[in-house]
Amino acid sequence: MQLNKNINCRPLFVTAGIVFSGGNVSYSESYSYYYRDALFRDYYTKWQQETMLSSSVKAIIGNKNFKSIVEMKYGAVPFIIEKKRVNYG
């Protein structure tokens, strides 16, 4: 029996923009608005809690949760605008 090495693996299922295909997981920026909202809120809350008393800009922008927000790229923009609108009227 000979195995075909050029197998076209189709995704088994897709949830929240993560494609599961037989153990391989790939990230996609097409995850839902609600998932991005939950991610942003989680990162933002943790970032605020961890840096609330810090006066060091390096510590504030070096925080892993801040970096996670930045890694969301344009996906975080609507939530940043909403935070600004709610907090600063």
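Visitor: How much space lies in the largest pocket?

Guide: Rolling a probe the size of a water molecule over the atoms shows where empty space is left. In this predicted model, the largest pocket holds about 230 Å³ of space.

Visitor: Which residues are the closest to the centre of the largest pocket, and which elements give two or more residues to its lining?

Guide: The lining consists of 14 residues, of which Phe40, Tyr44, Trp47, Ile80 and Lys83 are the closest to the centre of the pocket. Two or more lining residues come from each of α1, α3 (64-71) and α4, and the largest share, 5 residues, is given by α4. Sorted by class, the lining has 9 nonpolar, 2 polar and 3 charged residues.

Visitor: At what angle do the axes of helix α1 and helix α4 cross?

Guide: The axes of α1 (residues 33-51) and α4 (residues 77-88) come within 10 Å and cross at roughly 60°. An angle of 65 to 115 degrees would count as roughly perpendicular and one under 35 degrees as roughly parallel, and the two helices are therefore oblique to each other.

Visitor: Is the crossing of α1 and α4 left-handed or right-handed, and which residues make the contact?

Guide: The crossing is right-handed. On the side of α1 the contact is made by Tyr33, Arg36, Asp37, Phe40 and Tyr44, while α4 contributes Phe79, Ile80, Lys83 and Asn87. By class, this contact has 5 nonpolar, 1 polar and 3 charged residues. Phe40, Tyr44, Ile80 and Lys83, which take part in the contact between the helices, are also among the residues named as closest to the centre of the largest pocket.

Terms used:
Residues are numbered from 1 along each chain as its sequence is written. This is a predicted model: local features need pLDDT of at least 70, side-chain atom pairs count only at pLDDT 80 or more; totals for chains, interfaces and linings use all residues. Side-chain values use heavy atoms; hydrogens and water are left out. Axes are lines fitted to C-alpha atoms, for helices over the stretch in contact, and angles run from 0 to 180 degrees between N-to-C directions. Helices (H or I, at least four residues) and strands (E, at least two) are DSSP runs, numbered from the N terminus. Angles under 35 degrees count as roughly parallel, over 145 as roughly antiparallel, 65 to 115 as roughly perpendicular and the rest as oblique. A crossing is left-handed if the near helix is turned anticlockwise from the far one by less than a right angle, and right-handed if clockwise. Contact means heavy atoms within 4.5 Å. Ala, Val, Leu, Ile, Met, Phe, Trp, Tyr, Cys and Pro count as nonpolar, Asp, Glu, Lys and Arg as charged, and the others, Gly among them, as polar. On a 1 Å grid over the protein atoms alone, a cavity is a set of points where a 1.4 Å probe fits but cannot get out, and a pocket is an open set with protein on both sides within 12 Å along at least five of seven lines; lining residues have an atom within 4 Å of a point. Grid points are joined across faces, edges and corners, and a volume is the space filled by probe spheres set on the points.
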